Amino acid sequence: MKAMAYRGPYRIRVEEKPMPTIEHPNDAIVRVTTAAICGSDLHLYHGLMPDTRVGTTFGHEFIGVVEEVGPSVQHLTRGDRVMVPFNVYCGSCYFCARGLYSNCHNVNPNATAVGGIYGYSHTCGGYDGGQAEFVRVPFADVGPTIIPDWMDSEDAVLLTDALATGYFGAQLGGIGEGDTVVVFGAGPVGLFAAKSAWLMGAGRVIVIDHLEYRLEKARVFAQAETFNFAEYDDIIVEMKKTTDYLGADVVIDAVGAEAGGSFLQQVTGTKLKLQGGSPVALNWAIDSVRKGGTVAVVGAYGPIFSAVKFGDALNKGLTLRMNQTPVKRQWPRLFEHIRNGYLKPSDIVTHRIPLEHIAEGYHMFSAKLDGCIKPLIIANPS
Amino acid sequence: MSAPTPPTPYVANKPKDIPSPAALRARIPGWGVDLDPKDRPSYPREVFDPAGTGAHWDYPEEQQEREGRERSIEHGQLTPVFGTSAPLHGVSGSIRRYAYRYGEGRAAHWLILMAGDRVDAWGAHLRSLASLRPDDPVTETGVLAEGRRHGIASRIGRGRVDVNHLWLDPVVVAGPWVAAAAGTAVVVRAIARRTRR
């Protein structure tokens, strides 16, 4: 089968790889129809995530058709059209039993600090991802869900991570009626976080980025106020001014380890890799939230230490909340929101790229060419 | 004429200038439908519901262990299910296995893994030169997208902050190769001098 394969930082290619096989009785093999490139895939692509091995296939956002099931699979059969959450999880360990699916303890021998994620390095369990024609899906009775007939395929693929994560970010913020919510990052997760903040009763939603085309999307798609931080000498001071010198009630970091905006942090974090990426967005979140406010982090960060302004968080009495999203827990409510027309996730899709051209897709997404916001990978045209 | 009201933090109960719920509902479809935290799917954060996950086991069957599957020493055992995408091999495998002697709280664990990643990438590149499909920097970096996806237009006049440190990219990319070449030259010269004696 054809699959994307990592060759080292900034290098990938499509290779012929062996077909995935049933390795556990509750595995399924899924024929991928559509996958996506996620912003957090860029952390792998840029060599920021430890234990990213040459030859692995990325891709944790994908949908497809069940091709084969293991002997203990009860809930899926061959031919089912399924969406697969980015988390690999068992459904029965101490953490899964409490709904913390992204923190499953039974699927990632390489680390206890993070659960299992498709195509996200051996630090996240060493699973191949869905940017391929076929993928092994462990715990097929637990993670995947049959895509409802009424749901559009492109909406479904965005539910497997980006929308669920954006919504989860807003939820972590504990937004109350009338709250001022600032979202750092106008990528897919940031756009969905901004949109979700309104559903939770925000009174004002502000999105910050440095790319004008993404801010335009934030204005149109998420009805947000926008600030281009490249236009200001100090975006934090600007945030204070626009909130009557109070600061935002809730700030959502939807950027993660690839943040720009500080020369020093970018060079030491994302270029020289002396930190776990650049923590600029997180530090700006801590700076721009009001005292006693909440910072929600759904931008992806790796396990290596970062120079985070913890003292300011302490002295301001902040609540910091963060996690990988327990995706499937979000689905029933998000299905309702899509059906009611409150959310239309596929509106942010800008590019559809055949699997064979995925290297160009990564470069385009990484370099932010051609107005790229969300590229989908067409693995098996259905 | 009355003095202007001081900014919000300096007074007790200054109302925020926020549109009314009716105005927000009119502008934003679905505004406030999840206002009640109970309507938010991960509220409360932890809900004990082992029967609601789809699992029909208390402890999953164990995937067959491949010899020497590395694991964090913070785990009490090999997890019953694991990925098998790229088993440890060669020099990079030895480096990575060494990293797994350290706990996840130690910088050594992660930094050694990062070193293993770089060795893995360099090794794969060198091995590819002896294969039928050597690494190709043109297709594998996707740089052709610059021509096909408005590369120049995407960069001009957009105030991109990362332009400030674009100059550093060649240094970071080429630096290790230059350092390795210099190191090799030094070693070769030293060996040659000793041989001449």
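The model is predicted: local features need pLDDT of at least 70, side-chain atom pairs count only at pLDDT 80 or more, and totals for chains, interfaces and linings use all residues. Residues are numbered from 1 along each chain as its sequence is written.

Start with two helices. Two packed helices are described by the angle between their axes and the distance between the axes. Helix H2 (residues 90–99) and helix H3 (residues 107–129) of chain B pack at about 175 degrees, with axes 8 Å apart. Helices here are DSSP runs (H or I, at least four residues), numbered from the N terminus. Axes are lines fitted to C-alpha atoms over the stretch in contact, and angles run from 0 to 180 degrees between N-to-C directions. H2(B) is therefore roughly antiparallel to H3(B) (angles over 145 degrees).

Now turn to chain A. Here 103 residues of chain B are in contact with 109 residues of chain A. The area buried between the chains is about 8,700 Å², and carbon and sulfur atoms give 53% of that. Buried area is the accessible area (1.4 Å probe) that two parts lose on being put together, summed over both.

Charges meet here too. There are 10 salt bridges between chain B and chain A (a side-chain nitrogen of Lys or Arg within 4 Å of a carboxyl oxygen of Asp or Glu). One of them joins B:Lys16 to A:Asp249, with the closest N and O atoms 2.3 Å apart. On the side of chain B that touches chain A, H3(B) gives the most, with 12 residues.

Methods
Chains lettered and ligands numbered in written order. Heavy atoms only, no water. Helix = DSSP H or I, 4+ residues; strand = E, 2+ residues; numbered from the N terminus. Parallel < 35°, antiparallel > 145°, perpendicular 65-115°, else oblique. Contact = heavy atoms within 4.5 Å.
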